[in-house]
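Welcome, and thanks for taking a look at this model with us. Please open the sequence and the structure side by side before reading on.

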Amino acid sequence: MSEPKPPTPTPGDTYKGWLFKWTNYIKGYQRRWFVLSNGLLSYYRTQAEMGHTCRGTINLATANITVEDSCNFVISNGGAQTYHLKASSEVERQRWITALELAKAKAVRMQAESDDSGDDCPSAPPSAGQGGGARNSEIQSTLRTMGSKVEDLTTCNDLIVKHGSALQRSLSELEGIRVGGDMGEKIRQVTERATLFRITSNAMINACRDFLSLAQTHSKRWQKSLTTERDQRIRLEETLEQLAKQHNHLERAFRGATVLPSSFSNPALGGGSGKGDASDEDDDNEFFDAMEDPAEFITVPADPKYHRRSNSNLSGFSSETGIDDQSVNFDELSMASNPESPQTLELEPVRQRRTHIPDKPNYYLNLWSIMKNCIGKELSKIPMPVNFNEPLSMLQRLSEDLEYYELLDKGAKCQSSLEQMCYVAAFTVSSYSTTVHRTGKPFNPLLGETFELDRLRECGYRSLCEQVSHHPPAAAHHALSEKGWTLRQEISLASKFRGKYLSIMPLGSIQCLFDKSNNHYSWKKVTTTVHNIIVGKLWIDQSGEIDVVNHKTGDRCHLKFAPYSYFSRDVPRKVTGVVTDKDGKAHYVLSGTWDEKMEFSRVMQSSKGENGTEGKQRTVYQTLKAKEIWKKNPLPEGAETRYFFSTLALTLNEFEEGVAPTDSRRRPDQRMMEDGRWDEANAEKQRLEEKQRTVRREREREAVKAVCSPEEADAQETGTEASEVSDESAHQDNHQALWFEKIDDPVSGETLHIYKGGYWEAKEQGSWDICPDIF
């Protein structure tokens, strides 16, 4: 049942294979996939679960490994977790035991080294200014005291031996003498020696009593400290395991739910106890507290009369879109009103894109060793090795927002602006679906770096991104579709590392324009949080609120991304939204998750309902049956070993002829990382960053010369105090974007970089003379 493994795995290497794990008395032993890596033993139901659901993890540093018979063995960390395992053969069991013992020894050694470095704290914190020195002084003093007691015991032992021997000789002589005058003298000697022996013995007993008392006193303190540390570790491991089980339980409940999306919840299920710890088969025993953040509104099925076909204007729309039960698909309705057909595009040969990239190498690097000195700093200013990256730049990640471009294609065909708003809102949510497993950091683009995504033949659109600023880092994006929509955005990232998690706050605006209706939409992105930076498996959450505004009609969609909560009954990653017109009247309700799908329901009637938390009155919407508006595309096979890239992401860094010299595909360090040459990629990354800093310093010197007199400029270059005369603008990023220009948008009132044209014409002519040398 197990895969072939080397007979003597080396310590620290990942060791994987199938084992049978005891679950409960009903199901008995069940086949599970076990992974041993970095001193942690984790298990999954299948190999496919390794990318998203861990059923349990045990730390070998504090675990005991016991062999029961030829195939069975037990791993326990003192009662909190116990795994009863069975191998397929005695040879396979011995391989696992060898790997586990080696991993445990290494984990214990690493833990001891961590303790020696001063990471662990004493049970009673030392006073200010003492730190670890006070604890070391206390230990040294205790050791000296106990050493002196041991010396006292040794001395008393020598005296007892000496006086005991003399007493024995006296007793022997006493037995050999006859009764006479010498009797009194011999008895006196025996009495004296017996007295000395008694005194020495009492001293020995007292010294032993003192030593025992001292040892017991300090033993209790050390045992208490050790128990406290051990309990903390056990609680942490239990918490992590419980959270993993809750997460898996909620996912399974969501996938099996058949109720309206506004009432996602988990049924209360029962279960039995099993041998050892609670296994993944028994996690149906879990229960949840009350919701931490209840919904702002409730949806209920509308009255059946609304489900009959009617020409009446039920919700303020024209009768063109008044449909019963939404039985007519928006696509079909819009296609009927749009005689244009994209069939001519399908007649042309389409380029075959690649479907895989080299697997990610298994390079281990301690993130905490790099990040612990960067708490509170801006992420873009932290020199990170490529070990934490993925082989894509931020410009390519920005282009991934177009993966679900079909939503905008459908929105362009809508006759109603409110229907169109639903598709725009779904497109807004869909851009986050690619981030759920993507914990790798994209490459920070170099100033002037570009990325084109030409999908005109396959999908009817093409887009261009350019890094328009370095401090603060900002990227401009422009996408144009033959289906009648334009997407443009300028995004800069503000990020802070808080120790346990990393917050990424996108700044800037996204705009979508439709040619046929002249509707102009704008919105902003929510905050992305990367959790478990220090310990545990990295996971990503999206939280915040988005207002999608139609500046022409005044329509609005308010989307709420609920942050993940351990105690919430709601499905994780939930998103809810309401589409309202300029008067605030609700017409559509959206609900779903940002990593799976979104559904929408047409509102027939609304009313104020019961009071919710803190006395807030929640709105009750009567809606038609919910319809799916967006669903996430499945990941390609083997995505867990290829950075969890989607089908589109796999093609983004595929080299193409004719792209600009500044295109991200030509970036050497990113190309080396994709090929698995990480050491070379790190060296190349440092070279490119230093080259960029040199160019920026030269640009600042030129800016100083432009605002200062020649004497002041000379003083600035020589580092004299005249450098203070330089204008603030001389230290700002004075780079002029090549393909974008900064304007004030009269519709949204925002300032952003807009595509000024010329790129695609330059590509057709093959004229890239104006492109800077950034690589």
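The report below goes through model confidence, strands, nonpolar cores and cysteines.

## Confidence and conventions

This is a predicted model, in which local features need pLDDT of at least 70, side-chain atom pairs count only at pLDDT 80 or more, and totals for chains, interfaces and linings use all residues. Residues are numbered from 1 along each chain as its sequence is written, and side-chain values use heavy atoms, leaving out hydrogens and water.

The mean pLDDT (the predictor's confidence in each residue, from 0 to 100) is 77 for the protein, and 74% of the residues reach 70 or more. Over residues 118–132 the pLDDT is below 50, and this stretch has 10 contacts (heavy atoms within 4.5 Å) beyond near neighbours in sequence. Residues 258–274 also stay under 50, with 36 contacts beyond four places in sequence. Where pLDDT is low, the predicted coordinates should not be read in detail.

## An open sheet and a hairpin

Strands here are DSSP runs of E with at least two residues, and helices are runs of H or I with at least four, both numbered from the N terminus; two strands pair if DSSP finds at least two bridges between them. Seven strands make an open, antiparallel sheet in the order 4-3-2-1-7-6-5. Its edges are strand 4 (56–59) and strand 5 (64–67), each pairing on one side only. Within the sheet, strand 2 (residues 28–37) is joined to antiparallel strand 3 (residues 40–44) by five bridges, and Phe34 stands opposite Tyr43 of strand 3.

Lys742 has His753 in strand 26 as its bridge partner. Six residues lie between the strands of this hairpin, where Gly749 takes a positive phi near 75°.

## Nonpolar cores

A nonpolar core is a set of buried Ala, Val, Leu, Ile, Met, Phe, Trp, Tyr and Cys residues joined through side-chain atoms within 4.5 Å. In the largest one, with 64 residues, Trp485, Leu487, Trp523, Val548, Leu559 and Phe561 touch the most other members. Helix 9 (residues 417–430) supplies the largest share, nine residues. A second, separate core of 20 residues includes Tyr15, Leu36, Tyr43 and Ile65.

## Cysteines

Searching the whole structure turns up zero disulfides (pairs of cysteine sulfur atoms within 2.5 Å). Cys71 counts as buried because its relative accessibility is 17%, where buried means under 20%, exposed over 50% and partly exposed in between (1.4 Å probe, protein chains only). Cys208, at 33%, is partly exposed.
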